[in-house]
Structure formats: C-alpha cells, structure tokens
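Take a look at the structure shown here. What can be read from its chains, helices and contacts?

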Amino acid sequence: MLTTSAALPVWFVLLPLLGAGLIVLAPAMRVRVTALGVALATALVAGLAAVLAGIHGGHAMQFETNIPLIPAWGFSFHLGVDGLSAAMLALCGVIEVIAVLSSWKVDKRPRAYFALLMLLFAGTNAVFVSLDLLLFYVGWELMLIPMYILIAVWGGDQRRYAAVKYVLFTLVGSLAMLFALILLPASVPEEGVLVEVDPDRVMTEAHIGPTSLEWYPPSAFSHPVVGNGLLWVKNKTGFPSMNLKRNDLPVDIYGLPLLIERNRSFTPVQVVHLKLEELKFRGRKKFGDHPPSMSQFAGDSKNDNLDLKASKFFVLVPRDLNIQHLQLLWPHWAKTTFLGVSVAVLGFWCFLLAFAVKVPVIGLHTWLPHAHVQAPTAISVVLAALLLKLGVYGFLRIAWPVFPTAALDAGPLIAVLGTVAILYAAWVALMQNDLKRLVAYSSVSHMGFCLLGLAAVNVAGATGAVVQMVTHGLGSAMLFLVVGVIYERAHHRRVDGFGGLAKPMPVFAGIALFACLASAALPGLAGFPGELLVFLGAVSSTAANGKVQILGLVSCLGVIITAAYLLWMVKRVFFGPIRHPEQAAWPDLTRREYACLVPLVLLTLAVGVWPQPLIDSITPAAETLVRHLHWVAATR
Amino acid sequence: MSWLPLAILAAPLAVAVFLLFFGRRLHHGGDGFATGVMALCFAGSLVVAADVLAGGAGREILGHSVTWMTIGGMNDGSSGSLPGFVLTLGVYLDPLAAIMLCIVTGLALAVMVYTRWYLHGDNLYPRFWWSFSFFCFAMIGVVISSNLLMSFVFWELVGLGSYLLIGFWYFKPAVADDPHYQAMKASYATGILESKLSPADAQLKAFVMNRIGDAGFIAGIALTAWAVIAWHGKHGTPAGDPLAWSAIFKAVEHGAFNEISLLGLSGTNLLTLAGLGIFCGAVGKSAQFPLHTWLPDAMQGPTTGSAIIHAATMVAAGVFLVARVHPMLTPDALLVVACIGAVTALLAATMACVQWDLKAVLAYSTISQLGFMLVGLGSGVASGGYNAGIAHLFTHAIFKCLLFLCAAAVIHACHGHQSLTRVGGLGRKMPVTAFAMGVAVLAILGVPGFSAFFSKDAILVAAQVAGHHGSEHYGWVALVPAVLATLAAALTCYYMARLWWRLFVAPAADSHVVDHAHDPWPSAKLVLIVLALGCLQAVWTLQANPFAVEGAWLDHVIRAKSVGLYASGVEVDHDAIHHAHGGVVSLAITFAAVGIALAWTVFVLLPRRGLNLAERCRTTPPLSWVWALLSRLWFLEYVYDFVFVRILGKGLGRTLAEGDLGTPQRLAALDAATATKKTARFGYSLDGLIDGVAKAFTLPGRAGNLLHSGRIGTYVALAIGVVAVISLLRL
C-alpha cells in the first residue's frame with residue numbers, strides 16, 4: 001500500500017481545519033474563493049481516498065494512521081477508511097463543495113461564516129474516518145458548536161429557538177455517549193481481556209505473515225484459557241507485516257497478536273501450506289463462487305496437523321479506545337455489569353441515544369424541522385446530507401459491532417421505529433405548508449429505511465441502508481437547494497404561496513421534479529437502489545422470527561405516501577395556472593444555481609442507473625458487519 | 001441478432017434525451033427524427049418477431065443480460081444463511097413479447113405520424129416528442145424484460161411517461177375554473193369532481209394510484225425474491241438472479257414456497273400472497289377496480305398520447321405482466337384475478353353507458369376491456385383463457401388505438417368539443433374517420449369477421465369453462481366471472497354502438513360545432529385505414545371463414561408456448577371449449593345485433609320522430625335512480641375523495657402534523673415569539689411536550705434564583721436558617 005495514500009484521511013480531516021485558519025487570515029475579497037478552494041481540495045482528497053479504498057476492497061481498513069496521543073488512556077490519533085467510510089467520504093466531498101457554492105451569497109460576516117463552515121466540515125470528516133472512540137467523540141462535539149452558531153447567527157427569524165433546541169437535543173445524546181466512553185474502558189481490566197475471535201473475521205481481516213509458532217501453556221496467562229494453552233503465531237520479521245508469502249499464517253488482527261488454541265495433535269515444527277490467494281480474503285469480484293470454506297485453509301499437505309477449521313482464535317485485547325478492539329470485546333461487555341446492568345446493554349443504549357438523536361429516530365426528531373426551517377440553505381443541505389448520516393454511521397461503526405448482543409435484542413424495536421418513521425413522517429410531511437419542513441420530514445421518513453435495513457441483519461439490508469444514506473444525501477441536498485432557489489426569489493417558503501412556476505422557470509421545474517422523483521425512489525434515479533435493497537433485505541430477513549419481514553412488507557406502503565406528498569407539492573408549486581402574477585416574471589436558474597444542482601443531478605442519475613460501484617464499495621463492509629452479527633447470534 | 005432488441009430499446013431513449021436538450025432548436029421539435037427512428041424500431045421489431053416466431057414453438061431470444069447489482073450474501077451454513085444474488089437487466093423474447101413488441105412500436109409509429117397532424121401548431125409541440133419517445137423506451141423495456149425487477153423498473157418509467165403526458169398542458173386550471181371547458185363540457189357529467197380535474201391533478205392522481213398498486217407489486221417482488229433466494233440457500237446452489245422468469249418458475253415448480261413461512265402462511269398460500277402482490281401492480285397499471293378511477297381523469301392529456309398510453313399499451317402492461325407471471329399464480333390467485341377483471345369489466349361498462357364525453361366513453365371502455373383480458377387470463381390455461389386473454393390484449397391494442405385516433409380526429413374537427421350531446425352527424429363530413437371508427441366499433445362488438453369476435457368470445461368461452469371446472473371447488477364464486485363478463489359484453493355492444501351512431505349519424509345539437517368538420521391530413525387518414533385493416537379477424541387467424549377460429553396462428557404460437565414452458569401437464573380442454581363455443585358465439589352475435597339496433601333506435605330513429613328516449617329514461621323515476629347511480633360513477637369518486645383524500649390524507653395528515661410539531665397557531669407563535677409570548681410555545685404536541693420537559697428543568701434554576709435575589713434581608717434570613725439547621729443537626 002502506498003505510504004502517501006495513508007495520509008489521505010489525515011488530510012481529509014486537517015484540510016478543513018487548516019482551511020478555517022486560512023479563511024480567518026485571507027483578505028476579505030478572497031474569503032469565498034479560499035473556502036471553495038479548501039472544499040475542492042478536501043473533495044479531491046475524499047474522492048481519491050474513496051476510489052482507492054473502493055479498489056482495494058472495502059472489507060478492511062485502509063490508509064490507517066495510528067499515532068498514540070495519550071497512551072495511558074489508550075487514546076490515539078487513529079484514522080482509517082473502509083468501504084463504509086469510503087461511501088461517506090465521497091458524499092462529504094460532493095456536499096461540502098456544494099455547500100460552499102450555495103453559500104456564495106451570504107453577506108453577513110462571510111469570514112466567520114465560512115470559517116465556521118470549515119470547522120463543521122472538519123468535525124464531520126473526523127467522525128467519518130476516526131477509529132478511536134475519543135477522537136470520534138471529539139469530532140462529534142466539534143461539529144456541534146459551529147452548527148449551533150451557524151443556525152443561531154445566520155438563520156431565520158426564530159433561529160435562536162431552533163439552534164438551542166438542536167444543541168440541547170444533541171447534547172443529551174452526547175452526554176450519553178460521553179458516559180459510555182468512560183464506562184467502556186473502565187470496565188476493561190488493566191491487563192486486558194482474552195477473547196475469542198470469529199474465525200471468519202480472522203480469515204478476512206487478519207494480517208498474514210511468515211511466522212513462527214510459540215506455545216504458551218495455560219500458566220503463561222493470567223486468564224482462564226481453554227484447552228492446553230495457546231499458540232502465539234509470531235511474525236519472524238517484525239510485526240505486523242504485509243509481506244505475503246507461502247507458508248504464512250494469520251498473525252495479527254487490528255494490531256493485536258493472534259493466539260490459536262492448541263490442537264492436541266499439533267507439533268509446532270511442521271510446516272503448514274496455505275493457499276494465500278484464498279486466505280487473503282474472499283474476493284468480492286469472485287463473489288458468485290462460494291466463499292472458500294475453512295477446510296481449504298487447512299492446507300494441502302496430508303501430514304498437516306494444524307487444522308484451522310477446528311482451531312479457535314483468541315486475542316488479548318488491551319484497555320484502549322480503539323473502536324476495532326472494542327468490537328472484539330463483545331463477550332466481555334455481555335459478562336460485565338455496571339450498577340447491576342450489563343455493560344453491553346448500557347453501552348448500546350447510550351450510543352443508541354446519541355446516534356438516534358442525529359438520525360433522527362422517530363420521537364427524537366422534533367429538533368429537525370425547526371433546525372431546517374431556520375437554517376440557511378447551505379446549512380440545511382449539510383445538515384440533511386451529512387449530519388443525519390453521522391447517526392446511522394455511528395450505528396454501523398459503533399453501536400452494532402461493539403454491542404452486537406444488545407443490538408440483536410433491540411433489532412425488532414429498531415425495525416419498528418424505522419417502519420414507523422417511514423410511514424409516520426411521510427404522513428406528517430403530507431400536510432406541511434412550509435417547503436423546508438416538508439423536506440425535513442421527508443428526511444426523517446427516508447432515514448427510517450436505514451434503520452429497517454440495519455435491523456434486517458443481512459447483507460442486502462445493511463448494504464441498502466448505506467446506499468440509502470448516500471442517495472438520501474444526494475436527494476435531500478437537491479431538495480433543499482430547490483427550496484433555496486424558490487426562497488431566494490420569494491423570501492417565503494409557503495407551498496400555498498406559489499403556483500404554476502413551471503411556466504416562468506421550466507428548467508428549474510424539471511430539476512425540481514427530478515429531485516422529487518429521485519426522492520420518491522423512481523427506478524433509474526438514486527433513491528431506488530437503496531429502498532429496493534432495504535425491502536429485499538427486510539422481507540428476506542431471518543431476524544426476530546419474521547417480525548422484520550412483516551415490517552418490511554408494511555413499509556412498502558411508504559412508496560405511496562412518499563409519492564403523494566412530493567408530487568402533490570410539485571403540483572401545487574409548479575403546475576396549474578400562475579396564481580401570483582409577480583411570479584410570472586421570475587428568472588430561471590442562474591449559473592451558480594446550475595453549478596450547485598447539475599452535479600447532483602448527474603450523480604443521482606449515475607447512482608440510479610449504475611449503483612454497482614457504490615455497492616461494491618459498501619458490500620464488504622456490510623458483509624463484515626453482518627458476519628459478525630451472525631457469528632455472535634450463533635455463539636452467544 | 002441479440003443486439004437488435006437492445007437497439008430497439010435504446011433508440012427511443014437516445015431520441016428522447018437528444019430532443020429533451022435540442023428539440024426546441026430543431027425544425028418542428030424534431031418530429032421527423034423521432035418518427036423515423038420509431039419506423040426503424042418497428043422494422044427491427046418485425047425482424048425480431050419473425051426470428052422468434054419462425055423458430056417454432058417456444059423459441060426465445062435471450063439477449064445478453066447485464067448485471068445491475070451484485071449483493072453479497074452469507075453462506076456460512078447456518079440456518080439463517082442467504083446466498084448472495086445478482087439483479088440483472090436482460091432481454092427475454094418469447095412469442096408473447098415479440099408480438100407485443102411489434103404492436104408497441106407499430107402503434108407508436110402510427111401515433112407519431114398522426115400526432116404530426118393532431119398537435120401541429122400547439123405551443124408545447126416539441127415537448128410531446130421527447131416525452132413520447134421516453135414513454136416508448138420504457139414500454140419496450142417492459143415488453144422485453146427478462147426478469148421481475150426489470151419489469152418493475154420499466155413499469156415505473158412508463159408511469160413517469162404517462163405522468164408527463166397526462167400533464168402535457170400542465171398550466172391548465174381545474175376544469176371548474178376553466179371557462180373553455182365549462183362552455184364545452186358534456187352534459188350530465190355529474191360524477192366528476194370538477195374542482196379536482198385538471199392535467200396537473202390528473203397526473204398526480206394517476207401516479208399515486210399507480211403507486212398504490214406498486215406497493216403491492218414491490219412487496220410481491222420482495223416475497224418472491226426471498227422465497228427463491230432462501231430455496232437456493234437451503235440447497236446450496238448459487239442464487240444467480242432470483243427474479244429471472246426462469247428462476248422464479250423453476251423455484252416455484254420445485255416448491256420453493258413450501259419451505260418458508262410467514263404470517264402463518266406457507267406453501268401455496270404464501271405463493272398466492274406473492275402472486276396477488278404482483279397482481280396489485282397490474283390492478284393499478286391496468287386501472288382495475290378498485291384503482292380504476294385514475295384512467296378517466298388521464299384523458300386530460302393529448303388524445304393521441306392517450307391512444308397508446310391510456311388505451312392500447314401502457315394500461316395493458318398490467319395484463320401483460322399477469323400473462324408473464326401466470327405460472328406462479330395459484331388457482332386461488334387466478335380466481336381473484338378473474339373476479340377483479342369481471343367486476344371491473346361490468347362496472348366500467350355500466351358507467352360507459354351513461355357517459356356523454358367522447359373520451360370518457362372510450363376510457364371506461366378501455367377499463368372494461370382490460371377487465372375482459374384479466375377474466376381470460378384468470379380462467380387459466382386449461383380453459384383456453386390464457387390464450388384468449390393474450391389474444392384480446394393484442395386485438396384490443398389495435399382497435400382501441402384506432403378508436404382514440406378517430407376520437408382525436410373528431411375533437412380536432414369540432415374545435416375541441418367532445419360532448420356527444422353537441423357533436424353529431426359527422427358521417428358525411430368525415431367519411432374516412434367514420435369508416436375507420438365503424439370498423440373499430442364492429443371489432444370491439446365482436447361481430448364475425450372482426451378481431452374481437454376471435455378474442456373476446458374466446459374469453460367468454462374460457463370463463464364459462466373455467467367456471468364449470470372451478471365450481472366443484474369454489475362453488476358459485478367460480479361462476480361469477482363468466483356471468484359478469486357476459487353481461488359486460490352485452491353492455492359493450494350497446495354503448496359502443498351508441499357512440500358511433502351518435503357521432504356520425506344522429507344530427508348535431510349545435511350545427512356550428514360541426515360546420516367546418518373535415519377528415520384529417522392524408523397521412524393521418526392513411527394511419528386510420530391501416531389500423532382499420534388490423535381490426536379484421538383474418539389478420540389474427542389467417543383464415544377466411546370467420547367461424548373457423550380453431551387453429552388461428554396467434555392461438556397456435558401462444559398455445560405452443562404456454563404448454564412448452566409453463567404449466568407442465570396442463571392440457572387445454574378442447575372438448576369443453578367446443579361445447580361452450582357454439583352457445584357463446586350465438587349469444588355474442590345476438591348481443592351485437594341487439595346492441596346496434598337498440599342504439600340506433602334510441603339515438604337515431606326515435607329522435608327523428610321527436611322522441612328523446614334517453615332523456616325520458618333519465619328523468620322517469622325507476623330508471624332515473626339507476627341513471628343517477630351510474631352517472632355519478634357508483635359514487636366511487638366521492639367515496640375515494642372523502643375516505644382517502646380528506647380523511648386518510650388531509651385529515652389524518654393534519655392531525656399527525658399537529659400532534660408532532662404543533663398546531664399552526666403554535667408554529668405561528670414560535671415564528672413571532674418574543675420574550676413576552678413564550679407561553680404560546682407549548683401545546684399538546686410531541687414537540688410542545690418536549691419543550692415543556694425542557695422548561696421543567698428551568699424550575700430548579702428559578703428556585704435557585706430566588707436565593708440570589710440581592711436583597712439583604714433574604715441573605716440574613718438564609719444565614720439564620722442555615723445556622724439553625726446546622727445547629728439542630730449537631731444536636
């Protein structure tokens with residue numbers, strides 16, 4: 001792997017941060033251009049990282065940077081990109097440029113505005129690439145404050161109310177996350193915990209290297225060890241190693257040395273032949289074949305006594321804040337309690353609360369319509385397209401993999417919440433008279449698909465949830481930009497204050513209809529693949545004894561209401577006779593508006609027509625998550 | 001030749017995209033270009049069809065399929081494992097699809113040629129060409145689709161094409177506010193909600209009502225995919241594309257649905273559920289009861305567009321889909337299909353009898369005929385209904401397209417008037433139109449020698465046969481389709497004859513409306529004549545004797561196909577069909593004769609004698625009640641508007657919205673809120689509740705505030721109190 005590309009996530013986080021400083025220093029005339037330049041540079045880095053990560057295969061972390069900052073806490077500057085974050089990175093790149101472009105006309109304190117926007121981006125970007133829980137939390141909080149100020153200063157009439165509401169909601173969640181952040185390391189003993197690792201995870205994610213084996217009798221461990229002791233698969237040439245050769249074995253996973261339970265008939269001297277091509281990982285390109293079974297890993301020598309299939313893998317997980325390490329600790333969370341409550345349950349619900357506010361899950365969503373209505377157009381775009389995604393991203397990155405047992409137990413509830421969100425928020429959107437509020441509720445409704453897909457616990461569902469995140473990012477950004485275009489001309493957003501806009505603004509009407517159809521999941525446009533996969537995933541789900549399946553069938557009704565509220569809005573605003581004579585003379589889109597909307601239109605079309613590249617990037621990460629959950633369900 | 005179907009698919013899309021961007025700059029919006037490309041597509045379709053049909057029984061063209069999506073799976077051997085699967089886009093052409101392809105491209109060509117005359121001079125003329133080309137692309141996609149998902153994808157896209165063309169004149173107000181419409185509207189159009197009828201409303205209604213069906217469709221797709229994938233998972237085979245026709249039918253044949261269960265259903269019952277889910281899509285698209293009300297409204301679009309979209313092909317896509325998935329429809333599901341079709345056929349026929357709007361008659365007639373097709377398909381393979389339904393799909397496409405084009409000629413000739421009460425006596429002025437429409441009417445009546453005699457009678461026969469077969473198992477319910485369809489056939493003869501007599505023979509009420517009427521351009525006339533030839537029975541049977549319908553070539557290719565691939569072991573029950581055939585044919589001929597004569601008496605003969613029988617029936621009590629019911633469209637529009645739009649849509653939507661964020665008053669108060677008006681923020685809503693909770697947290701703070709009031713007395717009292725408490729505690 002290229003060493004330079006390892007710096008990509010670092011730049012992805014640092015560029016906006018530096019950009020904020022640059023904007024503060026830039027001459028007043030150059031503030032916007034500087035902001036655009038920084039956004040473009042970030043987008044370039046993001047695009048490069050996303051494409052490279054996608055090419056390398058998204059199952060494992062790429063471009064890892066791990067600099068210990070406070071070793072005593074296990075806190076380190078740890079960034080990395082896998083298929084899941086790659087998709088988000090690409091979305092960030094696009095949306096951030098468009099957010100800057102669509103703020104071009106901000107006249108009130110532009111320097112402060114753009115500097116805060118950059119800080120907001122830095123926080124968002126940090127969340128999407130951080131692999132350290134504390135770093136994740138820092139990014140999470142970092143974006144909160146700029147967002148608050150952006151709404152509270154540059155917002156509409158009732159901006160303070162909306163901004164305070166936004167901050168209070170998010171803070172309640174953040175507080176829960178902070179609690180969990182302290183709880184988790186506190187419940188790990190100082191010497192670490194010895195846990196079993198899913199052999200499948202070892203096969204797909206462990207580093208492999210030329211090895212020697214050392215046997216450790218049970219007495220070598222302070223932990224109770226199964227069997228006759230453990231084999232430490234040691235790297236001959238240093239550790240970890242990326243040099244792949246014959247006769248190699250899995251050496252370490254997430255930087256932790258792997259231990260193999262000693263098989264009775266095993267003699268360490270014997271050489272094991274492994275087919276590395278198969279061991280390396282299940283080629284996603286060769287997906288149609290059956291994944292190689294474990295027996296194939298056992299080698300081709302008949303005298304081979306190390307039967308990996310019969311082996312168990314263990315790692316000694318230290319006390320730190322590495323998110324990947326925390327994932328391995330799931331059996332420990334289930335066994336440990338805090339104040340009589342299992343840490344798994346407590347931690348899961350804390351993180352769930354933090355992320356659910358952001359998604360937003362139904363019941364915790366009422367900050368969203370206020371924030372959207374009050375925020376300026378560009379901030380609405382960022383809020384809907386990126387910030388809401390952080391919630392689901394948190395589910396996928398932390399809540400589900402770190403607390404799989406609690407997540408599986410909560411699955412039916414999550415599915416119910418998702419289905420309710422799909423139908424209820426759509427129904428509420430039907431009768432909204434404020435265009436932004438309507439789009440805000442459509443966001444709540446669309447994010448419900450992510451929850452449902454996640455609760456399905458299969459690859460189609462999880463992939464669909466992530467695809468839905470990306471496509472909703474594109475679709476909601478377009479819808480908010482469309483509202484912004486109208487608002488700039490009318491200075492109000494009341495649906496009943498418009499009529500027949502298609503006559504003076506035909507191109508704009510076409511793009512608005514396009515955005516609505518994309519949002520209503522018309523096949524061929526971006527909204528469709530995500531929803532389709534979620535439906536397929538939910539209906540074929542084996543989770544929760546078919547409850548998710550029924551919810552999947554019920555949620556199909558969402559397509560009706562979604563089409564109804566969006567196209568009814570289109571009808572009232574754009575079609576019919578012109579109802580307000582002054583609107584007959586409105587100019588069609590300006591060049592800057594074209595520049596904002598056309599890239600999104602093209603991307604929406606591209607993802608809708610050819611979603612495979614996106615799915616290719618996501619599937620391995622989704623597979624990893626789902627395999628983890630299945631293994632947990634089977635072994636818990 | 002596997003590239004040819006793809007080229008036929010891609011060409012209209014390319015035209016649509018090109019004309020979308022450059023159409024306005026081209027001469028006449030690029031109409032010649034679009035028409036020329038469509039002519040090439042038609043020629044290509046003929047080649048493809050010849051290739052498919054020449055291959056004899058059951059030949060299919062399977063074009064290259066493209067992998068559209070690859071979804072990973074879990075094949076870890078655990079019970080919950082699902083193999084990964086792919087979703088593809090591909091070409092599947094059997095005789096059914098090949099003939100349909102020819103009909104779609106051929107009719108599209110005819111409509112394009114015709115539209116150059118019909119819409120010339122319209123301001124939006126260029127828009128028609130790209131939206132219509134887009135529709136053609138989508139429709140061809142539905143026809144050649146190789147799997148269920150691709151069908152759904154193009155299914156939605158034809159919906160978009162229909163949406164765009166219904167809203168062609170998007171700027172028109174609701175007809176209640178349209179003086180033009182009010183001046184020309186048909187009398188007694190009492191069932192229409194005039195405040196909710198405009199191109200913009202109609203396109204919304206069409207899209208949303210189609211989506212109601214599509215919700216069931218996609219649920220059916222998901223159920224089917226699950227069954228097939230799970231079946232592959234259990235047997236350890238790679239799932240491939242679980243939605244490809246062959247994969248579905250193979251899995252169904254091997255009992256894929258017997259191994260899964262949901263909601264306590266499994267096996268045949270679950271298969272029925274999945275089949276009916278998919279059928280929901282057809283109910284929406286083919287405007288079947290109870291989702292039929294969008295189609296009459298869709299007549300707001302240009303008539304020539306309606307000719308192919310809302311009459312000949314797009315609405316028939318539902319029937320086409322049912323024919324496609326026929327092997328996975330269980331007997332239970334087929335009975336539901338037949339019953340829905342029969343109810344629709346009769347319901348729409350009754351409404352058509354009292355319509356005075358020319359296009360409304362045709363719209364209800366379309367709904368009714370689509371019902372007939374579903375009766376045919378629902379009667380199953382053994383009764384010959386499967387073939388009959390498909391045959392009627394083809395014959396109907398031609399004659400209904402012709403009827404609409406003739407209607408377009410009449411409307412154009414009468415300056416937009418389409419009320420049967422005003423228009424009349426056009427036979428002399430528009431001889432070609434009158435002739436062509438006459439042929440089409442004879443065809444839909446099922447007069448021997450014309451196309452529906454071959455197809456519609458076969459449907460009635462099949463319904464009878466299937467009814468007798470099914471009555472052992474289902475009792476009287478199995479006979480419902482046959483009875484209702486026969487009644488509907490009788491009504492069809494009356495209302496279609498009425499339409500023709502009224503338009504071309506009976507005198508016009510307003511003579512100035514028809515003063516300048518004339519036949520269309522020669523090219524358009526040619527289209528009418530060519531389509532009229534397609535209404536002849538001989539085209540479909542290749543036999544001179546109209547009564548020798550056995551062994552018709554169409555029947556032959558479809559039958560060979562249906563036995564070859566689909567229901568294995570199902571034999572067509574020739575004896576029963578023969579047995580029923582004679583009776584049905586004589587009945588049908590009687591219907592036609594009586595219908596023509598009755599309509600002539602009522603609308604031509606008696607008015608000449610000064611007796612307006614129709615008007616008298618309308619006002620005389622027992623019949624006037626029937627009239628009121630029918631002309632108000634069985635009150636369905638009112639009921640739907642009340643239940644779905646007012647109560648479920650607006651009412652519940654408003655309640656939920658107010659319960660969520662608050663009443664408009666609360667929101668207004670929030671907008672205007674200043675420090676003085678804070679109390680207005682709370683209310684009985686989720687958001688108000690949360691605000692209230694937040695406010696409750698300020699109470700301890702306020703209590704604390706009192707302690708820091710700055711008044712010396714407070715502090716002294718506090719100090720004394722604290723000292724007192726401490727000293728008490730120390731005691």
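The paragraphs below go from the chains to their contact, then to helix pairs and the core.

Keep one point in mind from the start: this is a predicted model.

Begin with chain B. Its secondary structure comprises 30 helices and 6 strands. The C-alpha trace of chain B spans about 120 × 70 × 60 Å along its principal axes. Of the 731 residues in chain B, 58% are buried. Now look at its contacts with a separation of 6 or more. In chain B, 80% of these join residues 24 or more positions apart.

Turn to chain A. Here there are 24 helices and 10 strands. Chain A has 636 residues, and 62% of them count as buried. Take the contacts in chain A with a separation of 6 or more: residues 24 or more positions apart account for 79% of them.

Chain A also has a domain assignment. It gives domain 1, residues 193-317, and domain 2, residues 403-631. Where these two domains touch, domain 1 of chain A supplies 5 residues and domain 2 of chain A supplies 7 residues. What classes of residue make up the side of domain 1 of chain A that touches domain 2 of chain A? That side has 4 charged residues, 1 polar residue and no nonpolar ones.

Next comes the contact between the chains. Chain A brings 61 residues to it, and chain B brings 58 residues. Several elements of chain B give two or more residues to the side that touches chain A. They are the strand β2 (66-71) and the helices α5 (148-166), α7 (199-235), α26 (636-660), α27 (664-672) and α28 (686-696). Which element gives the most to this side of chain B? It is α7(B), with 17 residues. By class, the side of chain B that touches chain A holds 37 nonpolar, 11 polar and 10 charged residues.

Stay with α7(B) and find α5(B). The axes of these two helices come within 9 Å and cross at roughly 175°. An angle over 145 degrees counts as roughly antiparallel. α5(B) and α7(B) are therefore roughly antiparallel to each other. From α5(B) they include B:Leu148, B:Phe152, B:Tyr163 and B:Ile166. From α7(B) they include B:Pro199, B:Phe207, B:Phe217 and B:Ile221. The contact of α5(B) with α7(B) has 12 nonpolar, 5 polar and 2 charged residues.

Another pair lies in chain B. Helix α14 covers residues 358-378 and helix α15 covers residues 385-413. Their axes come within 8 Å and cross at roughly 175°. α14(B) and α15(B) are therefore roughly antiparallel to each other. Their contact divides into 14 nonpolar, 8 polar and 2 charged residues.

Finish with the largest nonpolar core, which has 523 residues. Which residues touch the most other members? They are B:Cys401, B:Leu402, B:Leu405, B:Ala440 and B:Ala485. The element that gives the most to this core is α7(B), with 22 residues. The core also draws at least three residues from each of domain 1 and domain 2 of chain A.

Zoom in on B:Cys401. Set aside its neighbours within four places in sequence. B:Cys401 is then in contact with B:Leu107, B:Ala110, B:Ala307, B:Ile308, B:Ala311, B:Ala312 and B:Leu531.

Technical notes
Residues are numbered from 1 along each chain as its sequence is written. Chains are lettered from A and ligands numbered from 1 in the order in which they are written. This is a predicted model: local features need pLDDT of at least 70, side-chain atom pairs count only at pLDDT 80 or more; totals for chains, interfaces and linings use all residues. Helices (H or I, at least four residues) and strands (E, at least two) are DSSP runs, numbered from the N terminus. Ala, Val, Leu, Ile, Met, Phe, Trp, Tyr, Cys and Pro count as nonpolar, Asp, Glu, Lys and Arg as charged, and the others, Gly among them, as polar. A nonpolar core is a set of buried Ala, Val, Leu, Ile, Met, Phe, Trp, Tyr and Cys residues joined through C-beta atoms within 7 Å. A residue is buried if 20 or more other C-beta atoms lie within 10 Å of its own, exposed if 12 or fewer, and partly exposed in between; C-beta atoms are placed from the backbone. Domain bounds come from an automatic or database domain assignment. Axes are lines fitted to C-alpha atoms, for helices over the stretch in contact, and angles run from 0 to 180 degrees between N-to-C directions. Angles under 35 degrees count as roughly parallel, over 145 as roughly antiparallel, 65 to 115 as roughly perpendicular and the rest as oblique.
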